[in-house]
Amino acid sequence: MTNLMLLGPPGAGKGTQAKEIATRHGLIQLSTGDMLRAAVSAGSEIGRHVKEIMAKGELVPDAVVIEIISERMDAPDCKGGVILDGFPRNLVQAAALDKVLEEKKRKLDAVIELKVDDNQLIQRIVGRFTCAKCGEGYHDRFKRPKVRGVCDICQSIEFTRRPDDNADTVNKRLMVYYRETAPLLGYYFCKGTLRSVDGMAPIAEVAKEIDKVLGGTK
Ligand code: AMP
């Protein structure tokens, strides 16, 4: 069983890489952002509670995400290992994760930092969109569908954009990252689990670097 965590600011490519690794290594991607967005779409009680907070680019309460992650990890499909994407986001969540992992007799094999150039983050985020059917990610400038308006993977013609992927909210999300989440790099460095890869390289190269880290954990 391999349990990984991806760390990096919004736009670093955590979601893209988590999907790549999940497919190739048979791990389950656990994205708190995706789970919260699903709750918002479903209009559940949690969804109604977090909708505004997410739209503002702030963090939702720790207790909400800790419970979601802890429960999700118990599902049978997570037995073979998970990739944490977007959790933890602060030191309180990191301490809670330590406890949850201990209780579930799991360990974190590696925390992978995706190192990126801050100047490029905003343009990487503003402009991204996904296929509404299969979830394939695109970008207005960097990765357009081969046929305009048609998904390369599933040929759907419906796409969605995240409401928090606008310039104002992205600035807020970056500030929250540097204030709340960046200290986790020091936390995991001191635990000896932090590995850094160049997140500015092309997607396939970043994936190869992550593979190397994975190879070293086995
Ligand atoms: P993401 O998809 O990871 O960029 O997350 C989108 C939004 O969901 C964030 O801006 C937060 O509002 C919320 N969110 C996701 N994960 C967490 C978390 N671990 N703790 C608190 N809020 C979160």
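**Ligand shell.** I counted 16 residues around the ligand, with Thr-32, Arg-37, Glu-58, Gly-86 and Gln-93 the closest; a residue is in if one of its heavy atoms lies within 4 Å. This is a predicted model, where local features need pLDDT of at least 70 and side-chain atom pairs count only at pLDDT 80 or more, while totals for chains, interfaces and linings use all residues. Residues are numbered from 1 along each chain as its sequence is written, and side-chain values use heavy atoms, with hydrogens and water left out.

By class, I get 6 nonpolar, 4 polar and 6 charged residues in the shell. For the classes, Ala, Val, Leu, Ile, Met, Phe, Trp, Tyr, Cys and Pro are nonpolar, Asp, Glu, Lys and Arg are charged, and the others, Gly among them, are polar. Helix α2 supplies the largest share of the shell, 4 residues. Helices (H or I, at least four residues) and strands (E, at least two) are DSSP runs numbered from the N terminus.

**Polar pairs at the ligand.** I looked for N or O atoms within 3.5 Å of each other; within protein, one must be able to donate a hydrogen and the other to accept it, and residues adjacent in sequence count only if both atoms are side-chain atoms. A ligand nitrogen sits 3.0 Å from a polar backbone atom of Gly-86. I also find a ligand nitrogen 3.0 Å from a side-chain N or O atom of Gln-93. On the oxygen side, a polar side-chain atom of Arg-162 is 3.1 Å from a ligand oxygen. How much of the ligand's accessible area does the protein cover? I get 96% of the 480 Å² that the ligand has on its own (Shrake-Rupley, 1.4 Å probe; for residues, only the protein chains shown count as cover).

**α2 against α3.** The axes of α2 (residues 32–42) and α3 (residues 45–56) come within 8 Å and cross at roughly 115°. Axes are lines fitted to C-alpha atoms, for helices over the stretch in contact, with angles from 0 to 180 degrees between N-to-C directions. From α2, I noted Gly-33, Leu-36, Arg-37, Ala-39 and Val-40 meeting Ile-46, Gly-47, Val-50, Lys-51 and Met-54 of α3; contact here means heavy atoms within 4.5 Å. These contact residues split into 6 nonpolar, 2 polar and 2 charged.

**α5 against α8.** I put this pair at about 35°, with axes 9 Å apart. Leu-91, Ala-94, Ala-95, Leu-97 and Asp-98 of α5 make the contact with Pro-183, Leu-184, Tyr-187, Tyr-188 and Lys-191 of α8. The class count is 8 nonpolar, no polar and 2 charged.

Most residues other than glycine have a negative phi, and most peptide bonds are trans. I flagged a cis peptide bond between Phe-87 and Pro-88, omega about 0°. Pro-88 is in the loop between β3 (82–85) and α5 (91–103). I also flagged Lys-105, a non-glycine with a positive phi of about 55°, in the loop between α5 and β4 (110–115).

**Two residues I clicked on.** Ile-68 is in α4 (residues 62–73), and its C-alpha is 7.7 Å from that of Thr-32, 36 residues away in sequence. Beyond four places in sequence, Ile-68 touches Met-35 and Leu-36. Gln-29 is in strand β2 (residues 28–31), and its side chain makes a polar contact of 2.9 Å with the side chain of Asp-85.
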